[in-house]
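Hi,

Here is the structure I said I would pass on.

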Amino acid sequence: MQPADGSETLVIDCSLTMAWYFKDEATPYTTAVRAALATERAIVPSLWSLEVANVLLMGERRKRSTQAKAAKWLQFLSLLPIAIDPETSFRAFDPILGLARANALTAYDAAYLDLALRKGLPLATLDNDLKKAAGAVGVALYAPP
């Protein structure tokens, strides 16, 4: 992961990220977003790392993955141009909590929405509730080139 430097062009959420890992969840959209990272730079809220770690852990417990596969994939993930936003935790109680309440989202999903709003960036997600909330607050959904 890399520090945010202002050159980011999209926000990606955990649902999209993990579709790169679990091949049966991949779609043409998730593949196109991953390919776009060859020339674009993404940003994620700081909770993204914990969400990714939790999904990997649940995958291992459900026998969908192994520790070895997860370790190899985390090395790959660390090389992608994905920056971690340092402000997420400072915004948790306001405005993230408010966005979650107003849009019937989890606080986790509202963190992605807040980041996209704050940075003026499109959002790449597979989450239908988050897509709906993005439309309601004027956040564009990312369309790969």
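**Helix 1 against helix 3**

Let's begin where these two helices touch: C14, T17, M18 and Y21 on the helix 1 side meet W48, E51, V52, V55 and L56 on the helix 3 side. Keep in mind that this is a predicted model. Helix 1 covers residues 14-21 and helix 3 covers residues 48-61, and they pack with their axes 10 Å apart at an angle of about 40°. The crossing of helix 1 and helix 3 is right-handed.

An α-helix has 3.6 residues a turn, so residues three or four places apart point the same way.

**The core**

Which residues have the most contacts inside the largest nonpolar core? They are I12, W20 and I82, in a core of 43 residues. Helix 6 gives the most to this core, namely 6 residues. As for W20, leaving aside residues up to four places away in sequence, its contacts are I12, T30, V33, R34, L37, W73, L77, L80 and I82.

**Helix 6**

Helix 6 runs over residues 107-119, and its 13 residues reach 18 Å from first C-alpha to last, close to the 18 Å expected. Its buried residues are D109, A110, A111, Y112, L113, D114, L115 and A116. Just past the end of helix 6, G120 has a positive phi of about 65°.

Cheers

Methods
Residues are numbered from 1 along each chain as its sequence is written. This is a predicted model: local features need pLDDT of at least 70, side-chain atom pairs count only at pLDDT 80 or more; totals for chains, interfaces and linings use all residues. Side-chain values use heavy atoms; hydrogens and water are left out. Helices (H or I, at least four residues) and strands (E, at least two) are DSSP runs, numbered from the N terminus. The expected span of a helix is 1.5 Å times one less than its number of residues. Buried means under 20% relative accessible area, exposed over 50%, partly exposed in between (1.4 Å probe, protein chains only). A nonpolar core is a set of buried Ala, Val, Leu, Ile, Met, Phe, Trp, Tyr and Cys residues joined through side-chain atoms within 4.5 Å. Contact means heavy atoms within 4.5 Å. Axes are lines fitted to C-alpha atoms, for helices over the stretch in contact, and angles run from 0 to 180 degrees between N-to-C directions. A crossing is left-handed if the near helix is turned anticlockwise from the far one by less than a right angle, and right-handed if clockwise.
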